[in-house]
Amino acid sequence: MSNKIVLTGIKPTGMPHLGNYIGALKPLINYSQNHKTFMFIADLHALNTIYNPAEIREHTYQAAALMMALGVNMDNTVLFRQSDIAEIYQLNTFLMNVTPKGLMNRAHSYKAAMDKNTAAGLDTDAGVNMGLYTYPILMSADILLYNADIVPVGADQKQHVEFARDIAGHFNHIYGNLFKMPEPVIGQDTGLIPGLDGRKMSKSYDNTIPLFAPEKELKKKVMRIITDSKTPEEAKDPEESTIFQLYKHFASESEIAEFAEMFRAGGMGYGTAKTILFEKMNSVLAAPRAEYERLMANPEEIEAVLAHGAAQASTVAAETMSRVKKSVLG
Ligand code: TRP
């Protein structure tokens with residue numbers, strides 16, 4: 001067991017796809033096996049885009065059920081809902097006052113929103129609310145409230161963790177060393193998981209495979225993977241095949257070597273290769289999918305886990321906030 005504290009937030013925005021699973025969720029699950037882990041559903045971070053309470057609730061359950069079903073080690077993990085902890089709103093207010101506005105102006109997500117507006121000939125801040133603009137401050141509060149050492153995130157979130165370090169630095173400089181410096185850890189595989197058309201798997205390319213798609217849908221998606229026009233007889237380079245690239249994340253070393261050999265040897269058509277991929281994926285995903293569906297049918301079970309997590313998270317949050325208040329307010 002490591003003595004480093006791992007923390008991450010999962011935004012409740014719907015069913016993740018296989019790229020999210022392989023790049024972000026799998027590493028998290030691995031961390032939870034031998035680290036004290038704070039894992040929360042970042043519902044407050046969804047509020048700048050989702051204005052529908054039923055949707056927030058449903059997506060929060062989905063995200064929590066997903067992590068439980070995928071095998072997060074619950075003995076080491078505090079799983080909770082971000083909005084359940086009163087101290088998060090408090091720390092956010094304190095951090096606002098040491099955060100330079102210019103830092104927020106440099107945030108990638110805010111800049112992307114401005115660029116989009118400019119391209120569309122709109123006012124640069126059209127549609128930008130303060131939730132979006134100050135998103136990195138709330139995220140810094142998440143990280144600092146629970147004394148996180150390691151923050152495993154996707155590449156798109158790295159800047160936010162660096163902002164948390166900056167903000168912690170400003171705070172520590174003024175008030176003394178209260179906050180630890182968190183380290184962002186970026187999943188190595190992020191960005192390399194191909195979607196159905198061979199480009200990076202991403203919602204914006206509409207080429208994703210949902211993690212817990214029902215079996216039939218999973219099969220249909222896998223069968224739709226785009227391949228080149230090589231005949232079954234022809235030898236194929238596994239490294240160039242989306243089918244093989246996806247297979248690698250679900251199979252054992254020896255199965256991977258065997259499948260690669262089948263590509264190189266020739267004699268295997270893409271239809272056969274897709275069937276092998278589908279069966280492998282399905283064998284790995286069937287049990288967690290069933291557990292996920294069971295939990296979603298029993299939301300009171302999810303609520304109980306989140307309530308237990310909130311009680312544990314509160315203890316740490318209260319301790320941090322009492323130190324912060326003392327330092328800032330005297
Ligand atoms: N912003 C993250 C995302 O969009 C979610 C998140 C919120 C988070 N708070 C966090 C991630 C704290 C790591 C640490 O995915």
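Glycine 330, with a positive phi near 85 degrees, follows helix 14; helices (H or I, at least four residues) and strands (E, at least two) are DSSP runs numbered from the N terminus. This is a predicted model, in which local features need pLDDT of at least 70 and side-chain atom pairs count only at pLDDT 80 or more, while totals for chains, interfaces and linings use all residues. Residues are numbered from 1 along each chain as its sequence is written, and side-chain values use heavy atoms, with hydrogens and water left out.

Within helix 14, the buried residues include Ile302, Leu306, Met321 and Val324; buried means under 20% relative accessible area, with a 1.4 Å probe and protein chains only.

A nonpolar core is a set of buried Ala, Val, Leu, Ile, Met, Phe, Trp, Tyr and Cys residues joined through side-chain atoms within 4.5 Å. Where does this core lie relative to domain 1 and domain 2? Domain 1 (5-192 + 299-329) and domain 2 (212-291) both contribute residues, so the core lies between them; the bounds come from an automatic or database domain assignment.

Of its 51 residues, Leu18, Leu211 and Met281 touch the most other members. Apart from this core lies another, of 47 residues, among them Ile88 and Leu132.

Finally, the lining of the second largest pocket includes Ser109, Lys116 and Asn117. A pocket is an open set of points on a 1 Å grid over the protein atoms alone, where a 1.4 Å probe fits, with protein on both sides within 12 Å along at least five of seven lines; lining residues have an atom within 4 Å of a point.

How values were computed:
Buried means under 20% relative accessible area, exposed over 50%, partly exposed in between (1.4 Å probe, protein chains only).
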